[in-house]
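Visitor: I'm new to this one. Can you walk me through it?

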Amino acid sequence: MSTRLYIAVVSTTVLAIALILLGLAAYVVLAFSLHGQLDRGLAAEGQQLRVYFLTSQDSPLVGNTLPVSTTPFEAVAPSGSVFRLVGVDGRVLARSVGNLTAPLEGSAYGASGAWPQSLVYETVEHGGTRFRVYSLPLQLPAQAQGILQIARPLAPVEQTLAHLRIVLLAGAGVSLLIAVGVGLLLAHIAAKPIEDVASATARIRAFGEDDERLVSRGHLQEPHWLVQSLNNLLDRAAQAEATASEASAFRAQSTGYIQRQLARLIVQQRSLNDFLRTELRPRDPSALELPDTQDNALRGFLQTDPRGWITAYDDVVTWLETQTAALERWVHHLPLYIGAQEELELEREEIALAPLLFGICEERREQHGDSVQIERQLVCTPRLRGDRQSLLDALGALVDNACYSTPAGGAVTVTLHCAETDATITVADTGAGIPPEELPHVFTRFYRAADASDGHGLSLPFAHDVVAQHGGALTVESTPGEGSTFTVRLPREQNGAV
């Protein structure tokens with residue numbers, strides 16, 4: 001739900017409820033007022049009649065001894081009211097003109113001998129019309145009791161309230177329209193600055209308009225503060241981006257320079273290796289002409305063991321060539337080691353993962369001998385496209401890390417599983433594990449554990465970035481005291497898997 005719609009709905013609802021409650025309150029107050037006014041009028045009329053019957057010289061009761069045996073007296077009733085005066089024996093001593101006292105006969109005190117103990121108000125219905133009845137006890141002459149009752153129809157009050165209800169219903173509709181209008185106005189006032197900010201932010205994010213800044217329109221302080229804060233953030237982001245761009249350019253230049261210089265040294269080293277193997281290598285060590293000052297022991301060795309000398313020489317040259325090849329791969333992957341993945345160009349080719357992992361395990365098994373047991377479970381033979389040497393070095397780094405983390409007598413297990421969309425490689429060891437506080441940092445460059453004795457904190461980040469370059473993911477799970485498990489997931493379909 002948008003901010004504008006939310007504010008409009010909430011404000012409209014609140015205003016509509018407030019106006020409706022105000023109308024209901026006005027109706028209740030007016031209804032109580034009209035009924036109270038009616039009751040006060042009946043009470044005033046009752047007191048006037050009471051005084052008339054008990055004290056006036058014109059009263060038929062003054063000077064007579066009750067019970068009166070004559071026909072009921074008639075008196076002029078107040079406007080719109082009917083009354084009657086009933087004696088203790090149930091006889092009507094006086095009543096309003098016209099004998100319109102039928103509503104009073106339906107009163108709870110209309111029967112003979114039923115007298116209220118105090119002033120009483122009732123509502124009775126007669127002939128489809130509701131009447132309000134006021135009853136008050138009287139002490140008639142000669143100590144006889146009686147009751148005076150006055151009734152007035154409720155029709156005027158009810159008609160007024162009915163008209164008021166119609167007015168309130170119409171007012172409720174008008175109130176709803178007013179609430180909708182006010183709600184839309186409030187929504188526009190409150191949401192327009194936020195919408196402007198959101199629109200400008202979207203343009204900056206979508207079109208890269210880094211130089212654009214937000215403008216606060218309106219008179220609300222909070223959107224103005226928000227715009228100022230966002231503009232400050234944009235300024236800082238632009239400054240940080242410029243700094244990062246300069247750092248990235250410098251890193252790319254430095255990386256390129258280092259790679260070129262090291263590549264030149266590698267070329268020289270390869271030339272030296274070729275020279276050592278082809279030109280300098282003696283074919284017959286016994287025929288070498290040594291200076292007279294040469295050590296006699298060396299002269300004797302060359303003459304007595306020429307074959308062993310040549311073998312040692314070839315081993316040294318082979319070791320130099322191996323180290324040169326490893327250095328060349330390290331230089332090629334230098335951008336990944338320093339976090340400049342964008343500088344690395346992968347050479348895509350079809351790779352069979354199972355033979356690749358088999359070779360890694362066999363090489364490490366020869367390297368570590370019986371100190372670490374390396375097990376492999378290669379249950380499938382997936383093929384995908386990627387950089388063979390990069391994957392070889394990355395997966396080798398994971399196996400090396402597992403071997404170095406496993407004490408003598410432990411085991412490292414390399415497993416390969418296949419799914420329809422990806423291949424999963426797990427490298428599990430039985431080492432000491434990784435503490436929970438260090439687990440989030442295992443793929444951070446140059447991070448080393450507190451108890452690490454060697455390494456530079458580059459192999460695991462390198463493996464992580466190589467896997468990411470191939471569209472996969474590298475994760476780790478570890479339990480202190482039980483070991484760690486690194487999981488590599490490489491997609492098959494998008495890499496042209498077969």
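Visitor: Which residues does Gly396 touch, not counting residues up to four places away in sequence?
Guide: Gly396 touches Ile360, Arg364 and Leu391 on that count, where contact means heavy atoms within 4.5 Å. This is a predicted model, in which local features need pLDDT of at least 70 and side-chain atom pairs count only at pLDDT 80 or more, while totals for chains, interfaces and linings use all residues. Residues are numbered from 1 along each chain as its sequence is written, and side-chain values use heavy atoms, with hydrogens and water left out.

Visitor: Where does Gly396 lie?
Guide: Gly396 is in helix α9. Helices (H or I, at least four residues) and strands (E, at least two) are DSSP runs, numbered from the N terminus.

Visitor: Why does Gly396 count as buried?
Guide: Its relative accessibility is 1%, so Gly396 counts as buried. Buried means under 20% relative accessible area, exposed over 50%, and partly exposed in between (1.4 Å probe, protein chains only).

Visitor: What separates the C-alpha atoms of Gly396 and Arg364?
Guide: A distance of 8.6 Å, with the two residues 32 apart along the chain.

Visitor: Which residues does Arg364 form salt bridges with?
Guide: Arg364 forms one with Glu363, where the closest N and O atoms are 3.4 Å apart, and one with Asp400, where they are 2.7 Å apart. Arg364 lies in helix α8 (residues 353-368) and Asp400 in helix α9, so this pair ties together parts 36 residues apart in sequence. A salt bridge here is a side-chain nitrogen of Lys or Arg within 4 Å of a carboxyl oxygen of Asp or Glu.

Visitor: Are those residues buried or exposed?
Guide: Arg364 and Asp400 are both buried. The relative accessibility of Arg364 is 11%. Glu363 has 48%, so Glu363 counts as partly exposed.

Visitor: How many salt bridges does the count come to?
Guide: The count comes to 9 salt bridges. Another is between the side chains of Glu349 and Arg388, at 3.7 Å from N to O. That pair links distant parts of the chain, with Glu349 in strand β7 (residues 349-352) and Arg388 in helix α9 (residues 388-405), 39 residues apart. Glu349 is partly exposed at 33% relative accessible area, and Arg388 is partly exposed at 34%.

Visitor: New topic. How many disulfides does a search of the whole structure find?
Guide: The search finds 1 disulfide, a disulfide being a pair of cysteine sulfur atoms within 2.5 Å. Cys380 and Cys418 form it, with their sulfur atoms 1.9 Å apart. Cys380 sits in the loop between β8 (373-378) and β9 (383-386), while Cys418 is in strand β10 (residues 411-418), so the pair, 38 residues apart, links distant parts of the chain.

Visitor: Why is that disulfide right-handed?
Guide: Because the torsion about the S-S bond of Cys380 and Cys418 is about 85°. Cys380 counts as buried at 16% relative accessibility, and Cys418 as partly exposed at 33%.

Visitor: Over to Glu122. Where does Glu122 lie?
Guide: Glu122 is in strand β4 (residues 120-126). Glu122 is buried yet has no salt bridge, and the nearest side chain of opposite charge is Arg84, 8.7 Å away. For charge, Lys and Arg count as positive and Asp and Glu as negative; His and the chain ends are not counted.

Visitor: What polar contact does the side chain of Glu122 make?
Guide: The side chain of Glu122 makes one with the side chain of Ser107, at 2.7 Å. A polar contact is a pair of N or O atoms within 3.5 Å; within protein, one must be able to donate a hydrogen and the other to accept it, and residues adjacent in sequence count only if both atoms are side-chain atoms. Beyond four places in sequence, the residues that Glu122 touches include Ser107, Tyr109, Phe131 and Arg132.

Visitor: Last one. What is the mean pLDDT of the protein chain?
Guide: The mean is 77, and 70% of the residues reach 70 or more. pLDDT is the predictor's confidence in each residue, from 0 to 100. Over residues 494-498 pLDDT stays under 50, and the model has 12 contacts beyond four places in sequence for them. Where pLDDT is low, the predicted coordinates should not be read in detail.
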